[in-house]
Amino acid sequence: MARRERVAPLQFGQVSATTLLETRSVRVDDYRCKVDRAERPYTELHAGFSIAYVRKGSFGYRTGGKSYELVAGSLLVGRPGDEYVCTHDHAVGDECLALHFAPALVAELGAEPERWRAGGLPPLPELVVLGELAQSAAAGKSAGAEELALFLAARFVALASGRHARAAAPAERDRRRAVDAALWLEAHSHEEVDLARTAHAVGLSAFHFLRTFTKVLGVTPHQYLLRARLRNAARLLADEERSITEVAYRVGFADLSNFVRTFHRAAGVSPRAFRRAARGDRKILQDRLAASL
């Protein structure tokens, strides 16, 4: 289908939304937000079941009396009729791949509506690699965007069965520092970084930083760093012709065997098989998904 550009006006700014794919079961939108931090948040309403994969930047998400800080690799989960508010304290220009699902598809997945009250999920290795692959497919760089959207939805349902993200309730200053640290880790993920260096970048002691970061974002700094590297690796494997060794070193892994083990543990397939899946061999992901459900 031809791509459609929609611009949704906000009170003082705008969000551009480009529909990359639309079928009876799934609509895939590419959202680019340019909201300024000075703009006042307001209440919005989810029209349907949706999962938004955060590809870049950060923003706050409030729904159901809980607050989440979403950074690259996080998921925003929407349920029809639920109110929500997005905040943009950092305003670095966030980007999301939003997947909207028909009620009939949600029913087929066996997902009771309560499961879609997860609100926000932190970057999870099981989801970030599928998110990057779905983005690559939706952008026309690999095949099967609709299938990958369904894979991601099915994997989310499986994970959401007994897992809900915890609400963050630290001091405002610490919340901002945690998000600053996530943005810093994202920018430096290809480098050799450690806890002390990251904590120093945001002006905290290592212990206080570790505790604050984990409480706000739901993952430790090391987990976030590792998952940032996995996201970047998935993107390179899907989009480019670099060798697997070059991809490993380029995203920050110092050892090829460690990269292969880590990627396989997250994706359920080797980097080589993942690259084949990105180029149309969906049986690899089908077999992996069947084994995990």
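Cysteine 96 is buried, with a relative accessible area of 7%, in what is a predicted model. Cysteine 33 is likewise buried, its relative accessible area being 9%. Both values fall under the 20% that marks a residue as buried.

Whether such cysteines are paired is a matter of sulfur distances. A disulfide is a covalent bond between the sulfur atoms of two cysteines. With a cut-off of 2.5 Å between the sulfur atoms, the count of disulfides comes to zero. For cysteine 33, which is in no disulfide, the nearest cysteine sulfur belongs to cysteine 86 and is 7.9 Å away. Cysteine 96 is also in no disulfide, and here the nearest cysteine sulfur is again that of cysteine 86, at 8.2 Å. The table sets out these values.

| Cysteine | Relative accessible area | Nearest cysteine sulfur and distance |
|---|---|---|
| Cysteine 33 | 9% | cysteine 86, 7.9 Å |
| Cysteine 96 | 7% | cysteine 86, 8.2 Å |

For the protein as a whole, 52% of the 293 residues count as buried, and the secondary structure comprises 11 helices and 11 strands. Among the contacts with a separation of 6 or more, 68% are made by residues 24 or more positions apart in the chain.

Helix 2, which covers residues 125-138, has 14 residues and reaches 20 Å from its first C-alpha to its last, close to the 20 Å expected at 1.5 Å a residue. An α-helix has 3.6 residues a turn, so residues three or four places apart point the same way. Just after helix 2 comes glycine 140, which takes a positive phi of about 90°.

The second largest pocket holds about 230 Å³ of space. Its lining is made up of 16 residues, and those lying nearest the centre of the pocket are Val193, Asp194, His222, Leu225 and Arg229. By residue type, the lining of this pocket divides into nine nonpolar, three polar and four charged residues. Three helices each supply at least two residues of that lining, namely helix 5 (195-201), helix 6 (206-217) and helix 7 (221-239). Helix 7 gives the most to the lining of the second largest pocket, with four residues.

Note on methods. Residues numbered from 1 in each chain as written. Predicted model: local features only at pLDDT ≥ 70, side-chain atom pairs only at ≥ 80, totals over all residues. Heavy atoms only, no water. Expected span 1.5 Å × (residues − 1). 1 Å grid on protein atoms, 1.4 Å probe; cavity = no way out; pocket = protein on both sides within 12 Å on 5 of 7 lines; lining within 4 Å. Points joined across faces, edges and corners; volume = space filled by probe spheres on them. Nonpolar A, V, L, I, M, F, W, Y, C, P; charged D, E, K, R; others polar. Buried < 20%, exposed > 50% of the residue type's maximum accessible area, 1.4 Å probe, protein only. Contact = heavy atoms within 4.5 Å.
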